Amino acid sequence: LPKKKQYEWFVDCYRMRVDDDYCWGGGNLHGLYEGDDASAGSVVSDFLIFCKLAVARGAVPTPWSWAECLDVAACLLIYAFEKSDANEKWGGENIFSTGMGGRSLRCTAELIYGETSQS
């Protein structure tokens, strides 16, 4: 993927995970889905936790510009992102596609968080 698309992919991994946690995470509401407590600051804080975990888990390619990534995130974090959005934007989303050499937003988020949304 071109660099800008890599940043979008990374942000979309986070956004889809937040949606998955809302739908299947047993009340794990965070980020944009934090309900009445959601604010720009809480969404950014939650995303930065994801970023730190991504670095710790070796999920960030090099070279990587955090300034560019955060510019992309600033435009995307205010919007929800679910599987239908992933299908439209990325041509599909299947967690099993990584076993066939493909990419998966969900699989990447699981690698970063160290668990599934249903854990």
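Me: How much accessible surface does the chain have, and what share of it belongs to carbon and sulfur atoms?

Reply: Accessible areas come from the Shrake-Rupley method with a 1.4 Å probe, and for residues only the protein chains shown count as cover. Here the accessible surface of the chain comes to about 6,700 Å², and 56% of it belongs to carbon and sulfur atoms. Please note that this is a predicted model, in which local features need pLDDT of at least 70 and side-chain atom pairs count only at pLDDT 80 or more, whereas totals for chains, interfaces and linings use all residues. Residues are numbered from 1 along each chain as its sequence is written, and side-chain values use heavy atoms, with hydrogens and water left out.

Me: Which secondary structure does the chain have?

Reply: Helices (H or I, at least four residues) and strands (E, at least two) are DSSP runs, numbered from the N terminus. This chain has five helices and zero strands, in the order α-α-α-α-α from the N terminus on. The radius of gyration, taken over C-alpha atoms, is compared with a globule rule of 2.2 Å times the number of residues to the power 0.38. For the chain the radius is 13 Å, close to the 14 Å that the rule gives for 119 residues, so the chain is as compact as a globular protein of that length.

Me: Which residues have the most contacts inside the largest nonpolar core?

Reply: In soluble globular proteins, nonpolar side chains tend to be buried together. A nonpolar core is a set of buried Ala, Val, Leu, Ile, Met, Phe, Trp, Tyr and Cys residues joined through side-chain atoms within 4.5 Å; buried means under 20% relative accessible area, exposed over 50%, and partly exposed in between (1.4 Å probe, protein chains only). The largest such core has 29 residues, and Phe10, Val11, Phe47, Phe50 and Leu105 have the most contacts inside it. Helices H1 (3-24), H2 (40-56), H3 (66-76), H4 (83-90) and H5 (105-113) each supply at least two of its residues, and H1 gives the most, with eight.

Me: Is Gln118 buried or exposed?

Reply: Gln118 counts as exposed because its relative accessibility is 57%. Gln118 lies in the segment after H5, and its C-alpha atom is separated by 11 Å from that of Arg17, 101 residues apart along the chain.

Me: Where is the peptide bond that is cis?

Reply: Most peptide bonds are trans. The bond from Thr62 to Pro63 is cis, with omega near -5°, and Pro63 is in the loop between H2 and H3.
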